[in-house]
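Reader: Can we go through the aromatic rings in this one? Please keep it brisk.

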Amino acid sequence: MAMLDYYSTRDPNKQGYSFKEALLQGLAPDGGLFVPRLIPKLPKTWQAAPDIASLGFEVFKTWLGEEIPEEKLKAILSDALNFPVLLKTLQDDIYVLELFHGPTLSFKDFGARTMARLMSHFLAEEGRKVTILVATSGDTGSAVADGFAGQEAINVVLLYPKGMVSEVQERQLILKRPGVRALAVRGSFDDCQKLVKSAFVAEDLADIPLSSANSINIGRLLPQMLYYLWAVKDLAARGVERANICVPSGNLGNFTAGYLAWEMGLELGTFLIAHNANRFFPDYLKDKRQAYAFEATIPTLSNAMDVGAPSNFERLHHLFGDRLKEQLWSLSIDDASTKARILSTYQQEAYTICPHTAVGLEAIKHYRNESSDKRPSISLATAHPAKFPSALEALGIASPKDASLEKLFSAELAVTEISPDLTALTEILKS
Ligand SMILES: *Cc1c(COP(=O)(O)O)cnc(C)c1O
């Protein structure tokens, strides 16, 4: 088998990196994103996998070759992907793929849990240790804190803006976890990001190995391919073929994973990419905007998708270029339509959705009206609605109960408050 290696989107010579190197470095040394030189084909028997971890094993083998012993890979995936993916049926041949049954209730658990275990394996192999430093306001922070907690050779330091996240989000971030320190920064999200960036280049911290776990890491994309496969397999069992898939998107990481699954040979209809008011990608596909003509981020109700400059665009553009415009359909959905979709889904389907999922379902309705394609369509449900109680309550909808969120309110918390300066962070990193 040809060695499956990765290279940087910005390197004209395409120097190769192993999966391990790409995973541990995150970003290429020239600032580019790692992309695979080859996209392997789906293994012939993929549909026989009894669960998503076994499916993961079959698929990862094609991407990783011999880089991880098979038994180890199997153990990593069954430990990481230990929660269900459920496909719910709504009216009019519309389905919702619930990706929020992991410990922190968003699809970010797939990437974070898998990446943590893969990194821990490679670091232990090399006898190295790292501290993962993340600035967060949304679902990534809790998924990373939870996914990396207790992993050998890894510590996590998490920064969030004090008073700027919801109560549920804050509790998810500051839950006491082994190997994780949560810092409430007296400042904004931008202050947190600046602190992280300055820590990475601080001479004072040169002897502390820092790493990041952000959404451009190749280690997140591979596990996120699996639920696209799982959805197609589940639908096939119900006699449905070539459904359309709608992806509520921000940084386009989730969609990039889906596109890779498609390139591996997964049989799908059309990819629908749903954005909120941050509309760079739909505008780009419609030739209303140049590549990389990004704009400042606009705050919306679906805040995990508030991204003015989607970081995975560089990867998509490099790999697929103009094919994106030929093959994809995309739309920007505003907050008023998002709210209306949450309400109508609740009233007509007795089903409660989060604002991100609402953007996806709303885009499917628009696509049905605009095109002659009436095929069954799936929207990814990216977060559990119970994570957004105030958005629901504003519409008169009671937030659904979730046992793991309820536990948060009696769990032990651990947080340190710091001022937004590097001296305070340095002290903590060195202690
Ligand atoms: C992160 C996130 C998204 C956006 O995913 P991208 O990979 O950034 O496109 C959508 N919904 C929820 C709930 C998220 O947490």
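**Rings and their neighbours**

Author: Start with a charge: K74 lies over the face of F57, 4.9 Å from the ring centre. "Over" needs NZ of Lys or CZ of Arg within 6 Å of the ring centre and within 35 degrees of the ring normal. This is a predicted model: local features need pLDDT of at least 70, side-chain atom pairs count only at pLDDT 80 or more, and totals for chains, interfaces and linings use all residues. Residues are numbered from 1 along each chain as its sequence is written, and side-chain values use heavy atoms, with hydrogens and water left out.

Reader: Which residue lies over the face of Y284?

Author: K325, at 4.5 Å from the ring centre.

Reader: OK, ring pairs. How many aromatic pairs are there?

Author: The count is 24. Rings of Phe, Tyr and Trp (its six-membered ring) pair if their centres lie within 6.5 Å; planes under 30 degrees apart are stacked, over 60 edge-to-face, the rest tilted.

Reader: Why do F281 and Y284 count as stacked?

Author: Their centres are 6.3 Å apart and their planes meet at 25°, so the pair is stacked.

Reader: And are those two buried or exposed?

Author: Both F281 and Y284 are buried. Buried means under 20% relative accessible area, exposed over 50%, partly exposed in between (1.4 Å probe, protein chains only).

Reader: What does Y284 form with F313?

Author: An edge-to-face aromatic pair, 5.0 Å centre to centre with 80° between the planes.

Reader: How many residues apart are they?

Author: 29, so this pair links distant parts of the chain: Y284 is in helix 10 and F313 in helix 11 (residues 313-320). Helices are DSSP runs (H or I, at least four residues), numbered from the N terminus.

Reader: Why is F313 called buried?

Author: Because its relative accessible area is 0%.

Conventions. Helix = DSSP H or I, 4+ residues; strand = E, 2+ residues; numbered from the N terminus.
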